[in-house]
Amino acid sequence: SMLEVLDLSWNRLGSAGAESLAAILRHPNMTALTKLILGGNAIDDAGACALAEGLRVNKSLLHLELWINQISDNGIVALMSSLEGNNNDTLTHLCFSRNHTIGNKGWDAIRRYLHSPKNISGQSGLVKLNLSRTQTAAANTNALELLADALCVNRCLQNLVLTGMNESRCCGTITGGGGATSTTTATTSMEIQSIGDMLCVNQTLVVIHLGACQIGPKDGCYLAKCLESNTTLVELDLNSNELDDRAAHALAQTLLVVVVPCTAASSSSSSSGTALCKLNLWSNAGIGESGVWAMVEAARVNKNLVQCSVDTRLLGRDHPAVQSLRFALFLNQIRFRDFLLLESCHKLIPSIVGGQPTSFTTTKNNNRAPATRHDLTYLLFQNLPSVFCGRKKDGTHNCS
């Protein structure tokens, strides 16, 4: 079969359908399928175990999505086990968001897989893991600590999505003195600090999403301090948390450190500074005018910072701090595009202006002349798809 992508989301397949698909994955002629999307199909542990058996044999699948299903501990254990050792060396993307409660067995299976020899050596393993809004048993208060422990030595995972880990944590009650009860749902400070400690030593993660994890000002400052030792993380999402101006100032101070160019982040231990170029601070009600101005200064000094989202609803889009941040980021985006054009698009630009593939040339006053950096940047705006901000029909740019 030449089928490469199969999307069967929202088809009520259930476990019976998953078992049929597992048989297809085991078929020797199924060598072209690289992406399988099974979200919203009420697949339970039995279906996950069947898919796991298919993954042990299949050598082509790269991308598997199992969001919004009914998979819990037993299914996770089976799926993680199928990826260990020499069972499967091809799967790189696994999306497991919005599933049933993960208990100790499930989190330990994930930790064990991320800590497996092939992941430590960087030989093969998952590159992206999405666990957003997956329900976590209230009794298991160290889920993020287990992940962080494994990622301290993992050399494969580059993109980790943990959005809403706190929102989806199952509520549990603790009985105190006098019979009083309290509900425990919050991500603990110890968990967030373990993520920070991991970022100090991990040299492969490029993107991490920690939105809606109830990260407070103290933990935000701790993460900022840890980022000073990280030279590979390019994108950090902290939206919908409880950060305030103190955390914003701490993050801005980290961005002021001499940085590694975000276009060629080095994993060398001799590198210093942060490689961050995308920072999402949207919907953090505690970040006010002072925090935004701190980000303005960071964007002016750190030319790699091309995206920094703050909640414009708090100050208003016309506030001087918001406008200054947008302008500083716009200038960085121009510089970044210019760099990409000169370093990465040298074969594309000549075809746009009619030159030879081996030379940068453009037409000025009907005469052939060497292209300048300004000429090439202009051509990029006019001819290449927008990367960071959209160009309107009238030619102006919307960099909100």
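Leu61 is buried in this predicted model, at a relative accessible area of 1%; buried here stands for under 20% relative accessible area, exposed for over 50% and partly exposed for anything in between, using a 1.4 Å probe on protein chains only. Leu61 sits in the loop that links helix H2 (45-57) to strand E3 (63-65), where helices (H or I, at least four residues) and strands (E, at least two) are DSSP runs numbered from the N terminus. Leaving aside residues up to four places away in sequence, Leu61 touches Leu25, Leu33, Thr34, Lys35, Leu36, Leu55, Thr90 and Leu91, with contact taken as heavy atoms within 4.5 Å. As for Met30, 31 residues apart from Leu61 along the chain, the two C-alpha atoms are separated by 9.4 Å.

A word on the ground rules: the model is predicted, so local features need pLDDT of at least 70 and side-chain atom pairs count only at pLDDT 80 or more, while totals for chains, interfaces and linings use all residues. Residues are numbered from 1 along each chain as its sequence is written, and side-chain values use heavy atoms, with hydrogens and water left out.

Lys35, one of the residues touched by Leu61, also turns up in the sheet, standing in E2 opposite Val5. Strand E2 (residues 35-37) and E1 pair in the parallel sense over three bridges; two strands count as paired if DSSP finds at least two bridges between them. The sheet itself is open and made of ten strands, in the order E1-E2-E3-E4-E5-E6-E9-E10-E11-E12, with parallel pairing. Its edges are strand E1 (5-7) and strand E12 (307-309), each pairing on one side only.

Strand E10 (235-237) from that sheet is also a packing partner of helix H8, whose buried residues pack against E10, helix H7 (189-201) and helix H9 (245-255). On H8 (residues 217-227), the buried set consists of Pro217, Asp219, Gly220, Leu223, Ala224, Cys226 and Leu227.

The structure holds one cavity of 30 Å³ or more, and the largest cavity comes out at about 50 Å³. A cavity is a set of points on a 1 Å grid over the protein atoms alone where a 1.4 Å probe fits but cannot get out, and lining residues have an atom within 4 Å of a point. The lining consists of Ile76, Leu79, Met80, Leu94, Phe96, Ile110, Leu129 and Leu131. Helix H3 (residues 73-83) supplies the largest share, three residues. By type, the lining divides into eight nonpolar, no polar and no charged residues.

Note on methods: On a 1 Å grid over the protein atoms alone, a cavity is a set of points where a 1.4 Å probe fits but cannot get out, and a pocket is an open set with protein on both sides within 12 Å along at least five of seven lines; lining residues have an atom within 4 Å of a point. Grid points are joined across faces, edges and corners, and a volume is the space filled by probe spheres set on the points. Ala, Val, Leu, Ile, Met, Phe, Trp, Tyr, Cys and Pro count as nonpolar, Asp, Glu, Lys and Arg as charged, and the others, Gly among them, as polar.
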